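Here's a quick briefing to read alongside the model. Have the viewer open before you dig in.

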Amino acid sequence: MDTLQLLASQIIQWGALTLMFIIGLGIIYIATIYVIDKTQTEQTIRRNYPVVGRFRYFFEHIGEFFRQYFFAMDREELPFNRADRSWVYRAAKKVDTTIAFGSTRPLNTQGDPIFINCPFPVLDKDVMPSQDITIGEGFTDIPYTTNSIINISGMSFGAISKPAVRALSKGAKAAGIWMNTGEGGLSPYHLEGGCDIVFQIGTAKYGVRTKEGELSDDKLRDIAAHSQVKMFEIKMSQGAKPGKGGILPGGKVTEEIAKTRGIEVGEDSISPNGHEDIHSVDDLLDMIERVKKATGKPVGFKTVVGHLHFFNELCEKIHERGLQSAPDFITLDSADGGTGAAPQPLMDYMGMDIQESLPLVIDILIAYGLRNRIKIIASGKLLVPGKIAWALAAGADFITSARGFMFALGCIQALQCNKNTCPTGITTHKKSLQEGLVPEDKAKRVANYANKVLYGVGLIAHSCGVKEPRALNRKHVRIIQHNGRSTPFEEIYPTPSIKTEYVKIVESN
Ligand SMILES: Cc1cc2nc3c(=O)[nH]c(=O)nc-3n(C[C@H](O)[C@H](O)[C@H](O)COP(=O)(O)O)c2cc1C
């Protein structure tokens, strides 16, 4: 036997020994798992079917992905179906968004809107850009004027990652839209891109709190000193979890996030389920006045609609106190809004959907003569042009989207925002997962998406016979009824007249 043969036979022997060793280890491992499963008392399936029972949990986990990629039809998935997500992906990548052959959207689903095409659409040469709107005009030192239609809804730094905030900030600047900070305070990354910013004051007052957790006027002034910060939004509630504060697990509270919020590193960041200093409509109006005084900028609040009586009372108190006391804007969030983390009972059952709440609140403001004074921002699954055009027609002045922009950043709807494992780096603080999210690249997608939405809403407006998106109104929409036939939107929600006692006050302003 020459040396080469000897070496070969030794390698085979080592190989065989190693294989036996690995098999042996495998058997010991499986035996251990068997004993663990058989003796544990928490999980029935594992106790009754040791070892193999574990596959159930694995398949349950990966089933989500299999259903998404292989089995769910285009319009089936929740919260967002593939047809809508794909539109956003293509818009963000600036690739062709046209589709062929025919729509996969059933056109006779009860409650769905359809737009009324005009026999004489607006010709391309006659279209107009969206008009400027001024928020807080005549009632704030520094009102905010913008013609943006779709903007970035609040997502706190903490719920989303540093590269995500950076990409959104740069993208918002490129598209000329605003970005809401969410309740986690203002970081240098929000400011980095140079976009307009709406600062959100959450129930924990992150970023504007004293050591004791109370609202600090000095800190409000510091935030307002940034010229990029255009407005302040008091978060009363959020569609996904009315009556529950923000939940940021300790694993996501990094040093930077702790500093931005004014809290301790690594500790669960759980904000109160309501403002400890707002217990009534009067308290809310007092708070609006206080923030406005400290900042000189428009102040509004965000809420999901529950009791309509709240809005009636709000309007009555505003008239008692005078128009200057009114919020400059109200953000209406939908019960089906998104979140980084929320308890399922609140997510599934609380509050009104934007489709129902938006026209109702608009009508209350009209009845009290406050429609022009208070601007309305609407949010909740309004991420494709058709839905945004509906919201404008229903009466919204602006739209904000959170998850639309997450899709633009590359979100694959993995439903893991509440863990630190987001595979696309958007809602995780793990460096390895953030590597794929390159802010410079994704900022372009954010801007592309916003621009394409605007273009799409424009297409609908022009087809309805109006020159710009904000000229859409309820006359342009019909709503599908239970029998498959459609009814004019304005017949379901007829425009109310102003209550006589308020006509004079409104006319004098
Ligand atoms: C990851 C994530 C974080 C969020 N953080 C906040 C927040 O800090 N403050 C807030 O008011 N809303 C927050 N929201 C809710 C959104 O701002 C928005 O109101 C809601 O998702 C509806 O819009 P959408 O359907 O376009 O996502 C968050 C949503 C998501 C998905």
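This is a predicted model: local features need pLDDT of at least 70, side-chain atom pairs count only at pLDDT 80 or more; totals for chains, interfaces and linings use all residues.

Residues are numbered from 1 along each chain as its sequence is written, and side-chain values use heavy atoms, with hydrogens and water left out.

**Domains**
- The domain assignment (automatic or from a database) gives domain 1 (2-71) and domain 2 (147-478).
- Their C-alpha centres sit 47 Å apart.
- Five residues of domain 1 are in contact with five of domain 2 (contact means heavy atoms within 4.5 Å).
- About 320 Å² is buried between domain 1 and domain 2, with 44% of it from carbon and sulfur atoms (buried area is the accessible area, 1.4 Å probe, that two parts lose on being put together, summed over both).
- On the domain 1 side, Glu64, Phe65 and Gln68 lose the most area to domain 2, together 79% of what that side buries.

**Ligand site**
- The ligand is surrounded by 23 residues, and the closest are Ser153, Gly154, Gly338, Lys381 and Arg403 (near means a heavy atom within 4 Å).
- A ligand nitrogen is 2.8 Å from a side-chain N or O atom of glutamine 200.
- A ligand oxygen is 2.8 Å from a side-chain N or O atom of lysine 302.
- A backbone N or O atom of glycine 338 lies 2.8 Å from a ligand oxygen.
- Taken alone, the ligand exposes 610 Å², and the protein buries 98% of that (Shrake-Rupley method, 1.4 Å probe).

Methods:
A polar contact is a pair of N or O atoms within 3.5 Å; within protein, one must be able to donate a hydrogen and the other to accept it, and residues adjacent in sequence count only if both atoms are side-chain atoms.
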